[in-house]
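Dear colleague,

Please find below the structure that I am handing over to you. My notes on its pockets and its surface follow.

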Amino acid sequence: METKAKEKPRRIFVSSPYRPTAEDESERKMQLASNIRRATIACKFIALAGMEPLAPHLYFTQFLDDSDAAAREQGMKLGEDWLAMSDEVWAFTGSHNNISEGMLREINQAEKLGIKVRVFTDPEDLIRDYLCYLEDEKEDVEEENSSAADGAEREEDHE
């Protein structure tokens, strides 16, 4: 009996700003929350689409202090290992098309490794575009089914 090997899901490396750049402390907190939200939504979409999201900036910051230069560098190096295992890099720049220092490093690394990089403004845009694509696909299938049914009716009329 032949068993089919389960195809591994595509690994998508999520690159997006993490560290806030605002001067004001309350602004920094809001910016950090927004950055985390953007990456989390991207990961959720990628997972729901049947792919494997790799978001080192969401994971490594749970135990490495991003505000400490040595810990940040350690996190970046660990993230580069994940990047090397990825099939693609999806960079989410935000509405201001912000490519942070860390993102630029990840994008450059991906290009050196020959890994495809896709750039999106926000995951919400990606989700909207994907839902529109699915709706168009559904309409195309319905149209094809309707045309096929019309053709079958016409053949019956001729018999």
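By class, the residues that line the largest pocket comprise 10 nonpolar, 17 polar and 8 charged. Please bear in mind that the model is predicted. In total, 35 residues form this lining, and those nearest the centre of the pocket are Ser 16, Pro 17, Tyr 18, Arg 19 and Ser 100. The space in the largest pocket amounts to about 550 Å³.

Several elements contribute to that lining. At least two residues each come from strand S1 (11-15), helix H1 (25-48), helix H2 (56-59), helix H3 (69-84) and helix H4 (101-113). Helix H3 gives the most, with 5 residues.

The second largest pocket has a volume of about 200 Å³. Among the residues that line the second largest pocket are Tyr 18, Arg 19, Pro 20, Glu 25, Arg 28 and Lys 29, together with Leu 32, Leu 64, Asp 65 and Asp 66. Its lining divides into 4 nonpolar, 2 polar and 6 charged residues.

I turn now to the surface. A nonpolar patch is formed there by Tyr 130, Leu 131, Tyr 133 and Leu 134, which together have about 380 Å² of accessible area.

Yours sincerely,
A colleague

Methods:
Residues are numbered from 1 along each chain as its sequence is written. This is a predicted model: local features need pLDDT of at least 70, side-chain atom pairs count only at pLDDT 80 or more; totals for chains, interfaces and linings use all residues. Side-chain values use heavy atoms; hydrogens and water are left out. On a 1 Å grid over the protein atoms alone, a cavity is a set of points where a 1.4 Å probe fits but cannot get out, and a pocket is an open set with protein on both sides within 12 Å along at least five of seven lines; lining residues have an atom within 4 Å of a point. Grid points are joined across faces, edges and corners, and a volume is the space filled by probe spheres set on the points. Helices (H or I, at least four residues) and strands (E, at least two) are DSSP runs, numbered from the N terminus. Ala, Val, Leu, Ile, Met, Phe, Trp, Tyr, Cys and Pro count as nonpolar, Asp, Glu, Lys and Arg as charged, and the others, Gly among them, as polar. Patches are made of residues with over 30% relative accessible area and no salt bridge: like charges are joined within 9 Å, nonpolar side chains (Val, Leu, Ile, Met, Phe, Trp, Tyr) within 5 Å. Accessible areas come from the Shrake-Rupley method with a 1.4 Å probe; for residues, only the protein chains shown count as cover. A salt bridge is a side-chain nitrogen of Lys or Arg within 4 Å of a carboxyl oxygen of Asp or Glu.
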